Amino acid sequence: MRKVLLLAYVVIFFILSIIPAALAPLGIGLAGYEKRQLAQMPKLISDSGFNADFTGQFNDYFNDHFGFRNSMIGAWSALNYYLLGTSASSKALAGKDGWLYLSATVDDYRSKQTVTDGQIDAIAEILLEIQQRVRKQGGAFVFVIAPNKNSVYPEYMPESIVPLNGGNNYDRLVSALDALGVSHTDLKSSLAGQKGGELLYHKWDTHWNGYGAWLGYLEILDCAGIEDGLSVGSFVSARDWQGDLLNMVLPGSKKLDEQMYPKLPDSFEYENPAARVDDVDISTFSDVNGQSVLLYRDSFANQLIQYFSNAFGRTRYLRGAPYDLAWIDSEAPDLVIIEIAERNIPELIKNLGITG
């Protein structure tokens, strides 16, 4: 069966390869998927004289405009994904049953240590200092590592990539935090233990979905010793999510991933009505209570905004490096959270201002 697939692959690839060359002289082409200005047809001789860079410029023009360039890119990518179950993008990894993973998470999956023991200790010690700083003002502190998708769903990873247990950045950092008594969640264990009915992560995106984020939110509050006052009646599923990984594997694809939407009261407002979830500084307010939250975050916390903003009177979400810890003193929040994705643990070195 595999020989048949490979033969079909070769035949289709050959056909697709000769189409652009045949159509290029006719000037047939399509607009690019890439969000950039395409190269323009260069002039051999201009007002200033002979164009010595004409050959290179024409090569760029031809690569951008040859017949059915975009269709070829899409067809080549689809051929790899649907026929061979592989990814044409080096940034994304095709797993079983069409699942996609971020290639950058393979090191964690195979327990490669990309942070030294000394750096792990330094991270833990600074987080302890931040916790003491917060508690001195009467607040609670929680450090959160949002697990990589393959840490929660390893069963869909390619069999060719063999996981190695223990010793990766996540495990070593958690051990260091435990030794110092730093308050933190263990979402890798808790989310893996709650798999079953609804998916917790997107199939074609690097992040958890609305339901996975909800479970993470509950775990954070439990770790902080704060009772959840947010009532989520149920979740509604909708296939309307543009997966970041699918766009890498199938450029321009119109296929949409499933998202889980909670039924929430939406009692909060943004201080800046034009705010977007990826903004570096977001503030919300509501009348639900007088409690406040300060959350240092990355993209995994995008899905957390809807929960914390509905459950607390004032919230602030900050992105960027290094962390601006002055907000802890100026706002004296009831809860301070530092959230980072497992794959971004090395970024803590920069975020916390660690040198050497």
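Which residue of β12 stands opposite Ala140? In this predicted model, in which local features need pLDDT of at least 70, side-chain atom pairs count only at pLDDT 80 or more, and totals for chains, interfaces and linings use all residues, the residue is Leu335. Residues are numbered from 1 along each chain as its sequence is written, and side-chain values use heavy atoms, with hydrogens and water left out.

The pairing of β5 with strand β12 (residues 335-341) is parallel and spans seven bridges. Strands here are DSSP runs of E with at least two residues, helices are runs of H or I with at least four, and both are numbered from the N terminus; two strands count as paired if DSSP finds at least two bridges between them. Both β5 and β12 belong to an open sheet of six strands, ordered β5-β12-β10-β11-β9-β8, and the pairing is mixed. At the edges sit β5 (140-146) and β8 (269-270), each pairing on one side only. Helix α5 (residues 117-136) lies across β5 and β12, and runs at about 145° to β5. For such angles, axes are lines fitted to C-alpha atoms, for helices over the stretch in contact (heavy atoms within 4.5 Å); the angles run from 0 to 180 degrees between N-to-C directions.

Next come the salt bridges, 11 of them in the structure, each defined as a side-chain nitrogen of Lys or Arg within 4 Å of a carboxyl oxygen of Asp or Glu. Arg133 is partly exposed because its relative accessibility is 30%, the cut-offs being under 20% relative accessible area for buried, over 50% for exposed and anything in between for partly exposed (1.4 Å probe, protein chains only). Asp329, at 41%, is partly exposed as well.

Another salt bridge joins Glu271 and Arg314, at 2.4 Å from N to O. Glu271 is in the loop between β8 and β9 (281-285), while Arg314 is in strand β11 (residues 314-318), 43 residues apart. Glu271 has a relative accessibility of 43% and so counts as partly exposed; Arg314 is partly exposed too, at 30%. Salt bridges also link Asp281, Arg316 and Glu331 in a network.

Away from these pairs, Lys96 meets Glu159 in a salt bridge of 3.4 Å, N to O. Lys96 comes from the loop between β3 and β4 (100-102), and Glu159 from the loop between α6 (149-152) and α7 (169-180), 63 residues apart. Lys96 is partly exposed at 32%, whereas Glu159 is exposed, with a relative accessible area of 68%. Ala94 is buried, since its relative accessibility is 10%.

A few backbone details round out the picture. Most residues other than glycine have a negative phi, and most peptide bonds are trans. Ser111, in the loop between α4 (106-109) and α5, has a positive phi near 60°, and counts as buried at 13%. Ala332, in the loop between α12 and β12, has a positive phi near 40°; its relative accessible area of 40% makes it partly exposed. The peptide bond from Ala321 to Pro322 is cis, with omega near -5°, and Pro322 is in the loop between β11 and α12.
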